[in-house]
Amino acid sequence: MTMLMLGIFGAIGSRLGGYGVDRWGASRVITASVALHVVALALLPLFSGMKFMGLFLIVIIVFAMFLAGPAIQTYFIQQAPHSSNLVLSLNTSIIHFGLAAGAGAGGALVSSTSTVLYNPWLASIVVSLGLAAAIVSFYVRGKREVQTTS
């Protein structure tokens, strides 16, 4: 039942992500969804003893993750419209690299602390770095667009 619920919220997030890109733009949806993801990850260890709240935060994490998907793909296509196939394949490769690196980092953290309690905090730090990189990219792109229109 839990996996069904996560799947439903993932599908809703993906749908709303696509709608959000059309309405507010890719950079705003990416920023909002990744910030929501960071907050939910950071709060998760604090509510580890509360089953309902922990599950709620995991639902928020899945929702935010799927909310960002269409926005990230749209943003990458906007950056290289003539190379969209290459850009999206690189995005998929980086996602899989991140999954492997996250599993390795999580395993190393569990090995050194003998608990999984801190893994969401490590993940929130890494996702925060991703958010910072996205914001820098948005800033540079905006600055570049202003220079080309001037």
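1. I8 is found in helix α1, residues 2-24 (helices are DSSP runs of H or I, at least four residues, numbered from the N terminus). With 44% relative accessibility, I8 counts as partly exposed; buried means under 20% relative accessible area, exposed over 50%, and partly exposed in between, with a 1.4 Å probe and protein chains only. This is a predicted model, in which local features need pLDDT of at least 70, side-chain atom pairs count only at pLDDT 80 or more, and totals for chains, interfaces and linings use all residues. Residues are numbered from 1 along each chain as its sequence is written, and side-chain values use heavy atoms, with hydrogens and water left out.

2. I8 belongs to a nonpolar surface patch together with M1, L4, F9, I12, L16, Y19 and W24. The accessible area of the patch is about 850 Å² together (Shrake-Rupley method, 1.4 Å probe). Patch residues have over 30% relative accessible area and no salt bridge, and nonpolar side chains are joined within 5 Å. A salt bridge here is a side-chain nitrogen of Lys or Arg within 4 Å of a carboxyl oxygen of Asp or Glu.

3. The structure holds four aromatic pairs (ring centres within 6.5 Å; planes under 30 degrees apart are stacked, over 60 edge-to-face, the rest tilted). One of them is Y19 with W24, edge-to-face at 6.2 Å centre to centre and 90 degrees between the planes. Y19 is partly exposed at 45% relative accessibility, and W24 is partly exposed at 47%.

4. Y75 and F138 form another edge-to-face pair, with 5.0 Å between centres and 85 degrees between planes. Y75 lies in helix α3 and F138 in helix α5, so the pair ties together parts 63 residues apart in sequence. Both Y75 and F138 are buried. Y75, F76 and F138 form one aromatic cluster.

5. The largest nonpolar core has 12 residues, including V29, L67, Y75 and F138. A core is a set of buried Ala, Val, Leu, Ile, Met, Phe, Trp, Tyr and Cys residues joined through side-chain atoms within 4.5 Å. Helices α2 (26-43), α3 (51-79) and α5 (119-149) each give two or more residues to this core. A second, separate core of six residues includes A40, L41, L44 and I61.

6. N91 sits in helix α4, residues 84-113, and counts as buried at 11% relative accessibility. Beyond its neighbours within four places in sequence, N91 is in contact with I72, Q73 and F76 (heavy atoms within 4.5 Å).

7. S114 lies in the loop between α4 and α5 and is exposed, at 67% relative accessible area. Phi of S114 is positive, near 60 degrees. Most residues other than glycine have a negative phi.

Methods:
Patches are made of residues with over 30% relative accessible area and no salt bridge: like charges are joined within 9 Å, nonpolar side chains (Val, Leu, Ile, Met, Phe, Trp, Tyr) within 5 Å. Rings of Phe, Tyr and Trp (its six-membered ring) pair if their centres lie within 6.5 Å; planes under 30 degrees apart count as stacked, over 60 as edge-to-face and the rest as tilted.
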